Amino acid sequence: MRAVLEPALRRYGAPLTVTLLVMSAAWVLLMIALPQLLMVDYSLRPMLPPSKLGGPEDVHTLRNYGTLWSNAIHLGIFLKTVWGSALVTAVTLALSYPMAFYLAQVAPKRKLPTLVLMLVVPFWINEILRTFAWYIILAYNGPLNALLVGLGVWAEPVRLLGGDGGVIAGMVYVYVLFMVLPIYNAIETLDRHQIEAAHDLGAGWIAIHRRIVVPHAKPGIAVGCIMTFMLAAGSYAVPALLGGPQSRWFTEIIYNWFFEGGNWNQGAAYAFILLVLCVGFILLMMRLFRVGLTDIAR
Amino acid sequence: MSRDVALDRVTMRFGAITAVRDVSLTIGAGEFFSFLGPSGCGKTTILRMISGFMEPTSGAIRIGGQDMRGIGPNKRPTALIFQNLALFPLMTVGENIGFGLEVRGVPKVERHSAVQRLLDLVALPDAADKRVTELSGGQRQRVAIARALAVEPSVLLLDEPLSALDLKLRQHMRAELRAIQRRTGVTFIYITHDQGEALTMSDRIAVMNHGVIEQVGDGASIYDHPDTAFVAAFVGEANRFAGTVAEVADGIAALDTPVGRLLGRNPRGLRPGDRAVLFVRPERMREDGAENALAARVSHCDFEGAFVTAVLETADGVRLQVHTPHRGGALPFPPESAARVGFCAGDAVVLPPGDAA
């Protein structure tokens with residue numbers, strides 16, 4: 001604390017330092033901590049009509065959290081969201097790792113700006129519009145069906161929208177950059193001679209990746225998986241647009257509690273369950289990849 | 001088991017640049033062979049072609065008689081020691097050394113004993129569980145050697161592996177490398193721009209310049225009998241005098257230079273009228289002017305303990321270096337004094353001007 005304060009005092013002087021500290025503290029407290037605490041409080045109280053607020057029934061209870069376990073449909077959607085997000089993460093990783101490796105170690109340096117630009121340009125467009133593009137691509141009378149029928153892969157168009165397949169494909173597309181970039185950053189720092197040395201010592205490509213590249217890229221892989229999983233689990237637009245009643249996402253249930261059921265207490269409890277899931281996933285990833293917070297912040 | 005390496009008219013082009021031009025030579029099994037040359041001369045390209053990271057544009061590379069075209073680095077009987085060593089920082093020393101065996105599927109127990117045997121060979125018996133980052137520069141060097149030897153290569157390729165070490169350690173490692181080479185009998189191919197390294201360690205040396213081999217031979221023949229002006233200038237120190245050949249007789253050429261007529265050996269058969277350069281080593285210069293006498297002034301004189309190096313300048317501004325052993329007593333060549341120096345015709349060599357470094 002002293003180490004941070006003293007240079008700040010020297011550089012900005014006491015009045016400005018205090019002003020900056022108060023402003024950041026106010027931001028954190030009023031904009032982040034307080035609303036969250038309010039939501040925690042909401043989630044721990046039953047929904048009551050205004051006349052009963054503050055009455056004998058307005059007590060703290062865990063009942064809202066229990067609802068999920070007694071509602072088989074909601075629990076099913078919750079588990080499907082977990083499983084779906086994990087699948088999205090796995091598919092995105094499988095797609096991104098070769099891309100990141102190519103960009104970081106194989107692609108000629110002069111081509112790199114073009115290639116990275118091609119990856120980034122789609123992300124200049126809003127997520128909803130990008131998802132909508134997939135809505136068009138995957139439509140029953142859309143170009144993908146037309147192409148596959150034209151090529152003779154399918155005899156007649158197939159319903160691609162409204163199911164899990166469309167949702168997962170859309171999410172992979174929407175979040176792929178959040179996986180490619182951290183892995184690219186990690187692999188980029190790997191000395192090419194390490195790969196050559198392993199190759200020279202007799203390692204084939206599988207062994208080189210398993211023993212040299214992946215261990216080096218682990219922090220990047222962990223960050224990419226964490227980001228992709230959290231974005232997927234918290235995604236609303238993609239399942240809402242590309243999914244259907246059969247492929248509802250947990251975020252849609254939370255939305256319904258808040259804005260259609262008007263039950264903020266229940267919605268807040270569901271939202272916190274999702275948050276706990278995501279934190280749990282982060283901890284699992286860190287354990288699985290044996291990386292610490294400092295590795296990830298690198 | 002060591003094997004010989006044959007380069008047969010090997011050429012390597014990168015676009016418009018020819019990095020290696022029509023190189024043919026055979027490196028004997030169990031030989032310590034060095035490629036010596038300035039940076040950019042193509043020596044690293046040759047090494048990368050032998051190890052399999054590059055395929056020559058034309059020509060063939062044969063190891064033990066077998067053509068290596070199309071065979072990847074992981075399938076060749078070679079092991080490469082990189083300039084920056086390229087040890088795996090996330091593995092222990094033991095895992096580094098055992099890596100080649102691990103990817104060949106050698107069981108753990110066997111691997112373990114092989115690693116220990118190699119650690120003993122490079123005099124690091126207790127280092128197996130250490131992290132690479134815990135080791136000193138010289139120790140890392142030995143781990144890199146052990147890691148390369150673990151796969152029992154027929155040919156060990158070394159890409160200036162000593163360049164990152166300090167002078168003392170470098171000299172020590174030279175002796176060590178030579179000893180390891182003798183003990184294992186593996187063919188060593190060593191790349192360096194450091195003539196001291198090449199001369200002290202090698203059985204034979206190839207001096208390279210601009211992608212071409214200028215001369216191949218043992219250290220003494222390259223130093224004493226350079227074939228080209230580049231070799232004479234690049235290997236060791238040399239005084240040089242440019243001029244025109246006046247007459248030739250009995251393998252001796254007389255060269256007219258700005259400091260007068262000088263005599264030297266004429267191994268390339270130059271004829272009167274040819275432009276040429278005469279080279280003579282500083283330690284072959286004599287304090288008395290015998291043949292080839294030169295009058296000069298002493299600019300300065302450095303006492304280096306075992307020997308004395310004097311820099312002289314003739315009236316025409318030609319600088320001369322003279323190297324004499326120090327045998328006690330007063331130092332020769334007091335600064336600013338006049339001196340007469342000379343050299344025997346047999347100690348000098350007259351070569352076509354070519355590409356003197």
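Here are some questions with worked answers.

Tutor: This is a predicted model, where local features need pLDDT of at least 70, side-chain atom pairs count only at pLDDT 80 or more, and totals for chains, interfaces and linings use all residues. Residues are numbered from 1 along each chain as its sequence is written, chains are lettered from A and ligands numbered from 1 in the order in which they are written, and side-chain values use heavy atoms, leaving out hydrogens and water.

Student: Is A:Leu37 buried or exposed?

Tutor: Buried means under 20% relative accessible area, exposed over 50%, and partly exposed in between (1.4 Å probe, protein chains only). Because its relative accessible area is 55%, A:Leu37 is exposed.

Student: What is the volume of the largest cavity?

Tutor: On a 1 Å grid over the protein atoms alone, a cavity is a set of points where a 1.4 Å probe fits but cannot get out, and lining residues have an atom within 4 Å of a point. A volume is the space filled by probe spheres set on the points, which are joined across faces, edges and corners. Among the lining residues of the largest cavity are B:Tyr223 and B:Phe279. Its volume is about 90 Å³.

Student: How much space lies in the largest pocket?

Tutor: A pocket is an open set with protein on both sides within 12 Å along at least five of seven lines. The largest pocket is lined by 13 residues, with B:Gly94 and B:Lys108 among those nearest its centre. Its space is about 310 Å³.

Student: What is the volume of the second largest pocket?

Tutor: This pocket is lined by 14 residues, and B:Arg117 is one of the closest to its centre. The volume of the second largest pocket is about 270 Å³.
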